[in-house]
Each structure stands twice: as structure tokens, then as C-alpha cells.
Amino acid sequence: DLHKVVMRVDKDILKHLREQKFYNGFVSETEVKGKIEMTFLSSSLEGFARWFMMFGDQAEIVSPQSLKTRIHEIASEIKNKTK
């Protein structure tokens, strides 16, 4: 199954995503309110969540909600381990 993922990123992070975005199911990108909105068809929301966390301080997930939830869970697990 493929999952449609939409995220917005700061323009300065784009140079770091150029090659990797294709491995994560990149479909398209457009400028929205000074940010770049990117659409993906991902075969693994878990894999996408972990990839996203590398640059998540400069990006946001627009959809799906289940991906946002999983990213929060992973971040919580990391926080609890580093206390």
C-alpha cells in the first residue's frame, strides 16, 4: 500500500533533500506561503517518520495524522531515554 504524505519544508533544507526525496516516494513540490510543500507516495510510514526526523526541526508534516502521531511517539521515546 502507498500512503500519500504531504510536508512543508524551509527552503534552505531543500539542498539536503535533493537525492533522498526520490527514495522516499517523491511526487511533486510547490511553493506555499514561503515554504516548499512536497508530496510523496510512501510505502512505509515508519521509514518516512524516521527519515523526516533528520530534518524535522525545519519541516512539518501536513498529512496524514497517523504519521504526525508516530513522529511524536518516536520523539517521546528518544526524550525518555535521554533523561
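Guide: We go through the sheet, then its strand pairs, then the helices. Keep in mind that this is a predicted model.

Visitor: What is the strand order of the open sheet?

Guide: Strands count as paired when DSSP finds at least two bridges between them. Here, four strands make an open sheet in the order 2-3-1-4, and the pairing is antiparallel.

Visitor: Which strands are the edge strands?

Guide: An edge strand pairs on one side only. Here those are strand 2 (26-32) and strand 4 (59-63). On average, neighbouring strands of the sheet are turned by 25° against each other, direction ignored.

Visitor: How many bridges join strand 2 to strand 3?

Guide: Six, and the two strands run antiparallel. Look at E31: it stands opposite I36 in strand 3. Strand 2 and strand 3 also form a hairpin, with two residues between them. In that turn, K33 has a positive phi of about 50°.

Visitor: How many bridges pair strand 1 with strand 4?

Guide: Strand 1 (residues 3-9) pairs with strand 4 over four bridges, in the antiparallel sense. For one of the contacts to inspect, take M7: its bridge partner in strand 4 is I61.

Visitor: Now the helices. Which strands does helix 3 lie across?

Guide: Helix 3 (residues 45-52) lies across strand 1, strand 3 (35-42) and strand 4. Its direction runs at about 10° to strand 1.

Visitor: And which strands does helix 4 touch?

Guide: Helix 4 (residues 65-81) packs on the sheet and touches strand 1 and strand 4. Its direction makes about 140° with that of strand 4.

How values were computed
Residues are numbered from 1 along each chain as its sequence is written. This is a predicted model: local features need pLDDT of at least 70, side-chain atom pairs count only at pLDDT 80 or more; totals for chains, interfaces and linings use all residues. Side-chain values use heavy atoms; hydrogens and water are left out. Axes are lines fitted to C-alpha atoms, for helices over the stretch in contact, and angles run from 0 to 180 degrees between N-to-C directions. Contact means heavy atoms within 4.5 Å.
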